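I opened this entry to look up packing, ring pairs and a loop residue. My notes follow in the order I worked.

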Amino acid sequence: MLEKLFDLKKHETTVSTEVIAGITTFLAMAYIVFINPNILGTTGMDKGAVIVATCLAAAFGCFIMAFWANWPVGMAPGMGLNAFFAYTVVAGMGWAWQAALGAVFISGCIFILLTITGLRRWIVEAIPSSLQVAIPAGIGLFLALIALKSAGIVTKNDATFVTMGNLHAPQAILAIVGFFIIAFLDFFKIKGAILIGILTITIISMALGYTTFNGLVSAPPSIAPTLLQLDIKAAIGKGIFNVVLVFVLVEIFDATGVLTGLAKRAGLVSGSKGNAGINRALFADSASIFGGSLLGTSSTTAYIESMAGIQAGGRTGLTAFVIGVLFLLALFFSPLIGTVPSYATAPALVYVAGLMLSELSHVEWEDITEAAPAALTALVMPFTYSIANGLAFGFISYTALKLVTGRHRDVHPAAWIIAILFLLRFAWLPEH
């Protein structure tokens, strides 16, 4: 049955190899089960419901990827997208989380439409390479600022805006220790380094009495507080232009880049069948965003951590299926997940942020028309506390510099459209 479903022999793999690959990828990306409830919980969403929504959305995305695309790629709510949801849309712009879920739903619908019509590829081709690498770097800086603040390592200051927090505080010390644990384990290629780091700091915190142990296993919490709670009408009423545009753009860049890179590493993109495969994978990614918004979580996307499973030999959807099953099993560990404090997940965020910054090495720094927009994109995100603003500054500065330097022919038509939309946003919607 598995051979028929996943065409194992054709991909020169076995059931045992695929299962091991699935477990490997799950261990690499399971940290999202701990981090996502902490991030979305800041909006007022019920953490227990978010845990269930996170696991179900991840499993849903993995199963679509497994049976529709037959690719060894894990899916889950995306880092960066959840930060935009919680800290920019809800905390920064004052939206209710229900309206923000409505915006995710709308972006999912647009995403599916763009994928089916082929416009998604057209938009991706419009994004200059400098911005493609600056976007994850900027999101990384944004995540790092949030994580350092939650750990108490960075705090506000009226004179300097931010300053050093109390490094003698137990939470700050534990966060610093957690970062070095993750870095040490990752250096030695220990599977699930980030997950192990989070759990280690949680256990130490419980042993020292800073965290109360809520138990290990139980029936999953109710998903009712978030299930179908999206408010599409409120999202439209608040003016969805800026929010949905950013959701769609980040989703496009993030997922398309990750899927293309993973496919190349797994040898899945050669020939016309390879192109058909990536189109199916893109649709699976789009559909998972739609499903996740109904369950009650921010946008779901493909995870670069899937590379760990591919390195372990994963080549088919059976790997993704195993990942999805493990996310369903994670539902029964909600007491443990609820025990994890924010300063245990903070070092994981900082570490992931550091990895995302490596993208800046691909910027053409000697070309100012490429370097300046990339730098603005990455810097504006954390310093204005908004991923949306970073994207806007990047596109506007890129097109403007190309225009005034006589290199306007280098700009794709879609890039002009995106830049103009952002300009209109600043002109007529200055507060949002």
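Between which helices does the loop with T43 lie? I found T43 in the loop between helix 3 (31-40) and helix 4 (47-69). I kept in mind that this is a predicted model.

**Entry 1: T43**

T43 counts as buried because its relative accessibility is 12%, and the cut-off for buried is under 20%. I then looked for a partner of its side chain. The side chain of T43 reaches the backbone oxygen of L40 at 2.6 Å. I also listed contacts, leaving aside neighbours within four places in sequence. On that list T43 touches F85, A86, V90 and W97.

**Entry 2: nonpolar cores**

I turned to the cores. The largest nonpolar core holds 129 residues. Within this core, M65, W71, F85, F327, L391 and F422 touch the most other members. Helix 12 (residues 241-266) gives the most to this core, with 14 residues. F85 had already come up as a contact of T43.

**Entry 3: aromatic pairs**

I counted ring pairs. The total came to 11 aromatic pairs. I looked at F105 and F290 in detail. Their rings are tilted, with 5.1 Å centre to centre and 40 degrees between the planes. This pair links distant parts of the chain, 185 residues apart. F105 sits in helix 6 (residues 97-117), and F290 sits in helix 13 (residues 271-295).

F290 is at 30%, so F290 counts as partly exposed.

Next I took F187 and F188. This pair is edge-to-face, at 4.9 Å centre to centre and 90 degrees between the planes. F187 has a relative accessible area of 63%, so F187 is exposed. F188 is partly exposed because its relative accessible area is 48%.

I also found a ring cluster. Ring pairs link F63, F67 and F321 there.

**Entry 4: a charge over a ring**

Which residue lies over the face of W68? I found R280 there, at 4.0 Å from the ring centre.

How values were computed:
Residues are numbered from 1 along each chain as its sequence is written. This is a predicted model: local features need pLDDT of at least 70, side-chain atom pairs count only at pLDDT 80 or more; totals for chains, interfaces and linings use all residues. Side-chain values use heavy atoms; hydrogens and water are left out. A nonpolar core is a set of buried Ala, Val, Leu, Ile, Met, Phe, Trp, Tyr and Cys residues joined through side-chain atoms within 4.5 Å. Buried means under 20% relative accessible area, exposed over 50%, partly exposed in between (1.4 Å probe, protein chains only). Helices (H or I, at least four residues) and strands (E, at least two) are DSSP runs, numbered from the N terminus. Rings of Phe, Tyr and Trp (its six-membered ring) pair if their centres lie within 6.5 Å; planes under 30 degrees apart count as stacked, over 60 as edge-to-face and the rest as tilted. A charge sits over a ring if NZ of Lys or CZ of Arg is within 6 Å of the ring centre and within 35 degrees of the ring normal. A polar contact is a pair of N or O atoms within 3.5 Å; within protein, one must be able to donate a hydrogen and the other to accept it, and residues adjacent in sequence count only if both atoms are side-chain atoms. Contact means heavy atoms within 4.5 Å.
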